[in-house]
Amino acid sequence: MHSPLLSRRTLLRAAALIPAVPVLAPGTASAATIPSLPQALDRTSFAPHEQRFAPYLATLAPMVNDMDDSGFFAGGWWRSPAAPYNARVQEHVFTLAWFHANARPWNPYTGDANLLAALDAALGHYLSLQHPDGSFPEYSRDQHGLAPTGFGIGYLAKTLRILRATGALPARQAQLTAALRTAMTWFLEPGNRTVWQDRLTWANQTSSGLAGAGLALQLDPDPALATRLTEAFPRLAATGLSPAGFFYEEGGHDMNYNFEVMLPELADAYHHSRDPHLVDMARAFTGFLAYNLLREPDGAGYMVNVAPSTRTSTRWYDEVRPDPDRTALNWTFIRQVPLLSAFMTAREDLAEARAAWAASTEPVAPLAKQDTSPRILTHGLYGERFPSRRQRAEAIADLPYLRSNDFAELRRDGSQDFLYVRKPGLYLGGYFGTRASRARTGLTFLWHPDAGTIICGLNDNNHACWSTVFPGQAPDSNGSLPATYFHGAPGGREWTGGRAPAALGIRYGNANVTTDVLVTRRTVRRTVTANAAATEQIPLILHPTDVVTFTDGTRVAFGGSTAATADGLDLRRGRTTIRFRWGTPLQATVAAGSIRYFRDGARRFHALRIPHQGTFDLTVNMG
């Protein structure tokens, strides 16, 4: 074995003898096929923390055997478009390298010559896509892309670390060393507007390149690039973190990308850099998260205040999230940010889930195409330190809306407002101002301390937002809704933040409709004045055991559609009754949608819709 220093010098010397960015013609290395697993996987042979590898092992042969002779991962297993110019498709080079290098009782591919040949070919194709400036393409061959370069730096660096540890593919190691240096030079340039904007467009993608660069510079130190990386972390905090506490994604906040991609990428970066800005960012986002994940009192998990999300529609997080869990690496920050433990799986619960997985007699199924993220595997490289049940319970008790029953929190980012109002009988959320991308504005959720989530609007869906809806299914929430806030009823003295008023008023709207909201200890009153006939739309979250009855006596059928002429509706959940009253008998319907919540799927979305002639006065009494 060469010493690490000698190995590094040798590789750097070798890298100097080849072009800085190797351009390899497709077909210079031939892909090879590998045999399918000889028998069903024995679940009990996997160490608990490596169970995540089992479905990838079952997928390995089909994925490798779909590769073409150029080394392109054909077959559509990962990322779209599934085209030879998309460098992101090639990120599974890490997966191949891991299975080739790591001997386990359950891994028949350790040291397999054909798997190594396939990896060689895959790396050849991957590196052939790199542009002379160091960037990689994704959506067209000529694109100089942020995401393929940022994530690529991470996957290529992790692959290089594996190859160095085993001594495999020395020529590719030299090429990877040069490719990473060139990619980092492009990525860490502060004037590169693809990577760096005054307000980041895709903060998770910029973070990914910094995480990868941290490892790459450990493998091959470069003082100039190391300085650039150190300078990049405060720049990331300044341009990627909203003053409201979220990370920027497509003009606003997105729960999935913030919690499941961005925060784990910061954790990955922290493992290599220990930069304090990353802890500060994790702390700020956890504070935002604590207002937007709604804990269900029955222990099912958290409903997501998803209406403000700009890109994806993650609607809930289960209480126990066994492998694969895209948030798992977030454990990195729980020592410095104890509140984050509230949103992790407790280690005892995870151990029970893994024991149940090992005891199952079901065969381990291959992953579905596209659902094969190699990040699940890379985040297993750092070990685990999940919170205990006790630590998690303490963190949950410290959530703002559980710690206090009377506050109003107004968080602003430019023309976007994020409002959270807690009173003894309710917790209400709203998103006002300029609408970002797929988000939906207006009131977004209503939660009760004993009954849990009663109302929760969705994003990217005009049939499932809390809205005044005009003919043609045009909700006011699918647009910008600037708001003003008041001490008491709308129209009085304005409130701009600080101590919560005894009663909080909100007035928001557009040219077609004005909505006044008054929030008191146990009621929400919503008064709508529109310039035409419209429909009040309320996105209810119902349990199969709920008893829902219109005031005319008509019982609502869970999972179906029920109509009645009534002036209100009662929702009884356990010992709590929530009363909706609109004063005048109107033809109303409650209709189930297809969306279900949590792993058991018992909770279900239902839309309450009440047509009116342009004025509507609703009071929700929270029991």
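A charge is taken to sit over a ring if NZ of Lys or CZ of Arg is within 6 Å of the ring centre and within 35 degrees of the ring normal. In the structure examined here, the charged end of R79 meets this rule, sitting over the ring of W78 at 5.3 Å from its centre, and R235 lies over the face of W196, at 4.1 Å from the ring centre. The model is a predicted one, in which local features need pLDDT of at least 70 and side-chain atom pairs count only at pLDDT 80 or more, whereas totals for chains, interfaces and linings use all residues. Residues are numbered from 1 along each chain as its sequence is written, and side-chain values use heavy atoms, with hydrogens and water left out.

Aromatic contacts were examined next. Rings of Phe, Tyr and Trp (its six-membered ring) were paired if their centres lie within 6.5 Å, with planes under 30 degrees apart counted as stacked, over 60 as edge-to-face and the rest as tilted. By this rule the count comes to 31 aromatic pairs. One of them is formed by F259 and Y317, which are edge-to-face, with 5.1 Å from centre to centre and 85 degrees between the planes. Because F259 lies in helix α9 and Y317 in strand β3, this pair ties together parts that are 58 residues apart in sequence; helices (H or I, at least four residues) and strands (E, at least two) are DSSP runs, numbered from the N terminus. With buried meaning under 20% relative accessible area, exposed over 50% and partly exposed in between (1.4 Å probe, protein chains only), F259 counts as buried at 0% relative accessibility, and Y317 is buried with a relative accessible area of 4%.

A further pair is made by Y401 and W447, whose ring centres are 5.1 Å apart and whose planes stand at 70 degrees, so that the pair is edge-to-face. This pair, too, links distant parts of the chain, with Y401 in helix α14 (residues 400-403) and W447 in strand β7 (residues 442-448), 46 residues apart. Y401 counts as buried at 0% relative accessibility, and W447 counts as buried at 1%. Both residues belong to one aromatic cluster, formed by Y291, Y401, F407, Y420, Y427, F445 and W447.

Strand β4 (residues 407-413) is mostly covered, with 5 of its 7 residues buried. β4 pairs with strand β5 (residues 416-423) in the antiparallel sense over 7 bridges, where two strands are said to pair if DSSP finds at least two bridges between them. D413 stands opposite Q416 in β5. The two strands β4 and β5 form a hairpin with 2 residues between them, and G414 in the turn has a positive phi of about 60 degrees. Elsewhere, H131 lies in the loop between α4 (113-128) and α5 and counts as buried at 8% relative accessibility. The C-alpha atoms of H131 and T182, 51 residues apart along the chain, are separated by 9.5 Å.

Grid points are joined across faces, edges and corners, and a volume is the space filled by probe spheres set on the points.

The largest pocket has a volume of about 990 Å³. Of the 43 residues that line this pocket, N256, E260, V261, R326 and S373 are the closest to its centre, and the elements that give two or more residues to its lining are α5, α7, α9, β3 (316-318) and α12.

The search of the whole structure also finds 2 cavities of 30 Å³ or more. The largest cavity, with a volume of about 90 Å³, is lined by 13 residues, of which G154, Y155, K158, E265 and D268 lie nearest its centre. Two or more residues of this lining are given by each of α5 (146-166), α7 (203-219), α9 (255-273) and α12 (375-378), and the largest share, 5 residues, comes from α5. The second largest cavity holds about 30 Å³ of space and is lined by R321, P322, D323, D325, A328, L350, R354 and F386.

Methods: On a 1 Å grid over the protein atoms alone, a cavity is a set of points where a 1.4 Å probe fits but cannot get out, and a pocket is an open set with protein on both sides within 12 Å along at least five of seven lines; lining residues have an atom within 4 Å of a point.
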